[in-house]
Amino acid sequence: MIKKVLLFSLLTFFVQGGCRNESQQPKPKETTQTQTTAENRNDGNQNMSDSSSNKKPNPQSAFYETLNTVLSKRGMSANTVCDGDDVVARRILEEYGAMFLANEVVLVPPVCMFTSEQAVLRFQNQAGPKATNIGGIKIELQSAALNDLLAARAEAQQQGLDITPRGGEAARRNFADTVRLWDSRVKPALAYWQSKGKISSQDAARIRSLPMRDQVREVLELEKQGIYFSTDFSKSILYSVAAPGTSQHLSMLAFDAKEFGNKRVREILARHGWFQTVKSDAPHFTYLGVKESELPSLGLRSVKVGEQVFWVPNVN
Ligand SMILES: [Zn+2]
């Protein structure tokens, strides 16, 4: 049971995934596969210290096995995209990593965490953004991702439905966007915890000046001690924003759909290779470009939350 709780806590640690700009999503009760008790659901984060433990990734898990197979065709491996000894990086990979299993018609990023605008731009240029306009909002995605999104939209419209962007940042984003969102949580939280005497002014200044990757690590370390960085200081920062440089939107393989609550829309998107892969980030769809029936053999497992099915890395 304890093992199960730890596993669940780890899985829930990185909820509220790649969309991350924005308002918190409602959290319908999860009903299958990762069943647990209400006490363990962790909305109150009692188990966050467990979830922040230094659990090493398991290279024998279904996810890592298939990830290495899929990436090897691209001349990459799990270790080249994320340092295997870097627990924070591996957790991020296990949260957003479904993207790395995408069909070879698209490019996947060379790293699980971009660390500069230049690196993001280099990748985005290499991948080749393709643009369209939906409802007055510019949408930029990798070509195959955009083509299949437009095909899904056409199918939806034939059925009297529609698929439209949820907000102005629904598709491509840049590195600065992800840093800005991160800072909007970290800076107020440092001031708050300093005022509570939990962090010294010297430490707060030091953390503010750290390179981003080190700052992410330090923030997550502090959260292990109950010093949380969410907007209300009661839970992990990762419930509402992604670590900088990790959003799937940087890779132009993600789209936030306004109509995410419509089951038929979700089914249409899935038929065209678009899936929900970040649990509790319901409007966020990831382009994988494969059939849904192939996803288990790719090392993903389905997690049902309410009526929605999320395909997440099958790690254990
Ligand atoms: Zn998103």
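This is a predicted model: local features need pLDDT of at least 70, side-chain atom pairs count only at pLDDT 80 or more; totals for chains, interfaces and linings use all residues.
The face of helix α7 that points away from its buried side carries two exposed residues, Ala154 and Gln158. Residues are numbered from 1 along each chain as its sequence is written.

Now for the other side of α7. Its buried residues are Ala145, Leu146, Asp148, Leu149, Ala152, Arg153 and Ala156. They sit on the same side of α7 because they cover an arc of only 165° around the axis; the arc is that of the directions from the helix axis to the C-beta atoms. These buried residues pack against β1 (129-134), β2 (137-142), β3, α11 (263-271), β4 and β5, where contact means C-beta atoms, placed from the backbone, within 7 Å. Just after α7 comes Gly160, with a positive phi of about 80°.

Helix α10 can be described in a similar way. Val216, Val219, Leu220, Leu222 and Glu223 are buried in α10. Their arc around the axis is only 155°, which puts them on the same side of α10. Gly226 follows α10, and its phi is positive, near 85°.

Here are the two helices side by side. Helices (H or I, at least four residues) and strands (E, at least two) are DSSP runs, numbered from the N terminus, and the expected span is 1.5 Å times one less than the number of residues.

| Helix | Length | First to last C-alpha | Expected span |
|---|---|---|---|
| α7 (residues 143-158) | 16 residues | 23 Å | 22 Å |
| α10 (residues 212-224) | 13 residues | 19 Å | 18 Å |

On to the strands, which count as paired if DSSP finds at least two bridges between them. Three of them make an open antiparallel sheet in the order β3-β5-β4. At its edges are β3 (254-256) and β4 (274-275), each pairing on one side only. Three bridges link β3 to β5 (residues 284-287) in the antiparallel sense, and Asp256 stands opposite His284 in β5.

There's a hairpin too: β6 and β7, with two residues between them, and Gly306 in the turn has a positive phi of about 60°. Strands β6 (residues 300-305) and β7 (residues 308-313) run antiparallel and are joined by six bridges. Within that pair, Leu300 stands opposite Pro313 in β7.

Methods:
A residue is buried if 20 or more other C-beta atoms lie within 10 Å of its own, exposed if 12 or fewer, and partly exposed in between; C-beta atoms are placed from the backbone. Two residues are in contact if their C-beta atoms, placed from the backbone, lie within 7 Å.
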